[in-house]
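Hi,

Here is the structure I promised to pass on.

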Amino acid sequence: MLNFMSFGSGSCGNCYYICAGKYGLLIDAGVGVRKIKKYFSDYGLSLNDVKAIIVTHDHADHVKSVGMLSDAYNLPVYATAKVHEGIMRNYCVHKKIKDANVRIVNKGEEFFLGDFSINTFTVPHDSLDNVGYLIKLGDVTFSLMTDIGHITDDILHVIGMTDYLVIEANYDEDMLWSGTYPDYLKKRVSGGMGHLSNKQCAHAIRNYASARLSHIWLCHLSQENNHPELARKTVEVELSSCGNTNNIKLDVLRRNAPSLMFELK
């Protein structure tokens with residue numbers, strides 16, 4: 001049985017957990033260590049079951065706790081060389097990753113952790129580097145992609161081969177452009193190296209998801225420029241236009257609180 005849970009998804013901190021029995025992986029570690037420990041305890045989970053941390057990119061809301069967690073539980077940290085470089089430079093990462101726990105991931109090359117096979121793909125964003133993860137366990141494929149500046153052919157290919165998809169729906173275009181952000185920040189968010197809008201997310205799923213896609217989680221919603229029900233509705237309308245609403249489960253991950261523990265069959 002494969003399980004997935006989010007411990008926070010947004011600019012205040014991102015951290016996700018995927019596990020098969022007693023073998024678990026954290027994807028990003030941008031939530032405070034105390035919160036992560038509390039969430040694990042509250043849900044009857046054990047941090048001793050976490051065997052590694054895999055990192056998407058080097059922005060603080062994805063990595064600020066990675067060094068502390070790695071050190072406390074002697075966890076290897078898998079990321080591209082550029083992401084590791086960015087973590088070392090990031091002043092928000094107060095405790096750096098020990099050399100013995102640094103693991104370099106090469107984009108496009110498959111690697112294995114426990115029974116998981118893991119592939120990475122490029123995700124455009126204004127970080128030093130950014131990747132998405134396609135994780136397979138047996139016949140089940142789980143993919144996570146966040147902080148997406150624009151949709152690429154690689155991203156569309158991954159969407160098309162995924163059973164369970166975590167994908168960014170960061171902002172509503174009308175809310176962004178009529179909101180209080182200064183112009184430079186609006187341009188940064190909506191530019192090709194910023195974030196993905198609800199509509200962009202919805203169009204990508206509608207046009208490229210296969211019949212095997214069974215569950216979508218919308219992640220990294222903006223607090224100022226989005227709303228959970230607005231993001232959900234935007235995607236639902238697109239899916240309904242091609243007759244998929246009843247076949248695909250859709251959830252919106254909360255910014256500051258854990259999700260349910262989802263079973264992926």
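Leaving aside residues up to four places away in sequence, threonine 162 touches Thr141, Ser143, Arg212 and Leu213. Please keep in mind that this is a predicted model.

Where does threonine 162 lie? Its place is the loop that runs between helix H5 (153–160) and strand E11 (164–168). The side chain of threonine 162 also reaches back to valine 158, with 2.5 Å to the backbone oxygen of that residue. Is threonine 162 buried or exposed? Its relative accessibility is 0%, so threonine 162 counts as buried, the cut-off for that being under 20%.

Aspartate 28 sits in the loop between strand E3 (23–27) and helix H1 (33–42). Its phi is near 70°, a positive value in a residue other than glycine. Aspartate 28 also counts as buried, because its relative accessibility is 0%.

Histidine 220 is found in the loop that links strand E12 (215–219) to helix H9 (228–240). Although histidine 220 is not a glycine, its phi is positive, at about 55°. With a relative accessibility of 3%, histidine 220 counts as buried.

Methods
Residues are numbered from 1 along each chain as its sequence is written. This is a predicted model: local features need pLDDT of at least 70, side-chain atom pairs count only at pLDDT 80 or more; totals for chains, interfaces and linings use all residues. Side-chain values use heavy atoms; hydrogens and water are left out. Helices (H or I, at least four residues) and strands (E, at least two) are DSSP runs, numbered from the N terminus. Buried means under 20% relative accessible area, exposed over 50%, partly exposed in between (1.4 Å probe, protein chains only). A polar contact is a pair of N or O atoms within 3.5 Å; within protein, one must be able to donate a hydrogen and the other to accept it, and residues adjacent in sequence count only if both atoms are side-chain atoms. Contact means heavy atoms within 4.5 Å.
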